[in-house]
Amino acid sequence: MAKVVIMDHPLIQHKIGYIRRRDTGTKDFRQTIGEIAMLICYEATRDLQLSDVKIETPICTATAKALKGKKMAIVPILRAGLGMVDGMLTLIPAAKVGHIGLYRDPETLNPVEYYCKLPADCAEREVFVVDPMLATGGSSVAAIQMLKDKGCKNIHFMCIIAAPEGIEKMKKTHPDVDMYVGALDEKLNDHGYIVPGLGDAGDRIFGTK
Ligand SMILES: O=P(O)(O)OC[C@H]1O[C@H](OP(=O)(O)OP(=O)(O)O)[C@H](O)[C@@H]1O
Ligand SMILES: O=c1cc[nH]c(=O)[nH]1
Ligand SMILES: [Mg+2]
């Protein structure tokens, strides 16, 4: 069974408190989502493997550490996942970026697919799927299934706020996928929104409401 890691870093908790506020505007919301993504990325990459490499410092020959060469990909679930990409790329600048377009039908809450463009060699990459919100889990479960159908095996999921229902669905459907979660909230409301949550992440990032 894969790990579920709930972030306890004070900077992450502080910044999540800020974006939850109704009166945090689009510019600050978007910027803070990026900062939180970067901080969660730091935790989510903790288990990457290193190898020893011989290098020359200005003083002598030395053995240093380098990432073992496994290539990485970041896959945001559109739209809201886009808000996490720049923060991720700040720490992993060489990563390729794939895009999966899904929206949640407001009546059924089921995900509807409208776009998928992935790096050609994504099956060989360590893939980080990013979406600020894990609510019923329908969208992330579907996105990860799309990646598995393309042959991806090493998949991690990062979100900023999760509901217990979404975590359970992910654990049941994709028990091999590690989850890195900024905050675990209480429940979903009757419309499938996370409580207390932060509202609609996509609308708040892009200012569409
Ligand atoms: O876990 P779920 O119940 O599937 O809900 C979570 C999904 O809902 C939101 O996307 P939304 O459908 O609002 O699309 P958007 O990002 O384009 O706003 C969010 O960004 C997730 O992708
Ligand atoms: O609370 C929620 C649930 C789904 N999608 C969001 O953007 N927010
Ligand atoms: Mg939305």
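**Entry 1**

I looked up Gly 138 and found that, leaving aside neighbours within four places in sequence, Gly 138 is in contact with Arg 104, Leu 109, Asn 110 and Pro 111; contact requires C-beta atoms, placed from the backbone, within 7 Å. I note that this is a predicted model, in which local features need pLDDT of at least 70, side-chain atom pairs count only at pLDDT 80 or more, and totals for chains, interfaces and linings use all residues. Residues are numbered from 1 along each chain as its sequence is written, while chains are lettered from A and ligands numbered from 1 in the order in which they are written.

I placed Gly 138 in helix H4; helices (H or I, at least four residues) and strands (E, at least two) are DSSP runs numbered from the N terminus. Gly 138 counts as buried because 21 C-beta neighbours lie inside 10 Å. The classes I used are buried for 20 or more other C-beta atoms within 10 Å of the residue's own, exposed for 12 or fewer, and partly exposed in between, with C-beta atoms placed from the backbone.

I then checked the span of H4. Its twelve residues, 138-149, should span 16 Å at 1.5 Å a residue, and the end C-alpha atoms are 16 Å apart, which agrees; the expected span is 1.5 Å times one less than the number of residues. The buried residues of H4 are Gly 138, Ser 139, Ser 140, Ala 143, Ile 144 and Leu 147. After H4 comes Gly 151, with a positive phi near 100°.

**Entry 2. Ligand 1**

I listed 23 residues around ligand 1, of which Ala 80, Arg 104, Thr 136, Ser 139 and Gly 202 come nearest; a residue is near a molecule if its C-beta atom, placed from the backbone, lies within 6 Å of it. Which element gives the most to this shell around ligand 1? H4 does, with three residues. Strands E4 (72-78), E6 (99-104) and E9, together with H4 and H6, each supply at least two residues. By class, I recorded eleven nonpolar, eight polar and four charged residues in the shell around ligand 1; Ala, Val, Leu, Ile, Met, Phe, Trp, Tyr, Cys and Pro count as nonpolar, Asp, Glu, Lys and Arg as charged, and the others, Gly among them, as polar.

**Entry 3. Ligand 2 and annotated positions**

I found ligand 2 surrounded by Ala 80, Met 133, Ala 135, Tyr 193, Ile 194, Gly 197, Asp 200, Ala 201 and Gly 202. This shell has six nonpolar, two polar and one charged residues.

In UniProt, an unreviewed entry places the feature "binding site" at Ile 194, Gly 199, Asp 200 and Ala 201. Such annotations may be inferred rather than shown by experiment.

Is Asp 200 buried, exposed or partly exposed? Asp 200 counts as partly exposed because 15 C-beta neighbours lie inside 10 Å; Asp 200 sits in the loop between strand E13 (194-195) and helix H6 (201-206). Ala 201 lies in H6 and counts as buried, with 25 such neighbours. Beyond four places in sequence, Ala 201 touches Ala 80, Pro 132 and Met 133.

I also located Ala 135 in the loop between strand E9 (133-134) and H4. Ala 135 is buried, with 26 other C-beta atoms within 10 Å.

Key. Contact = placed C-beta atoms within 7 Å.
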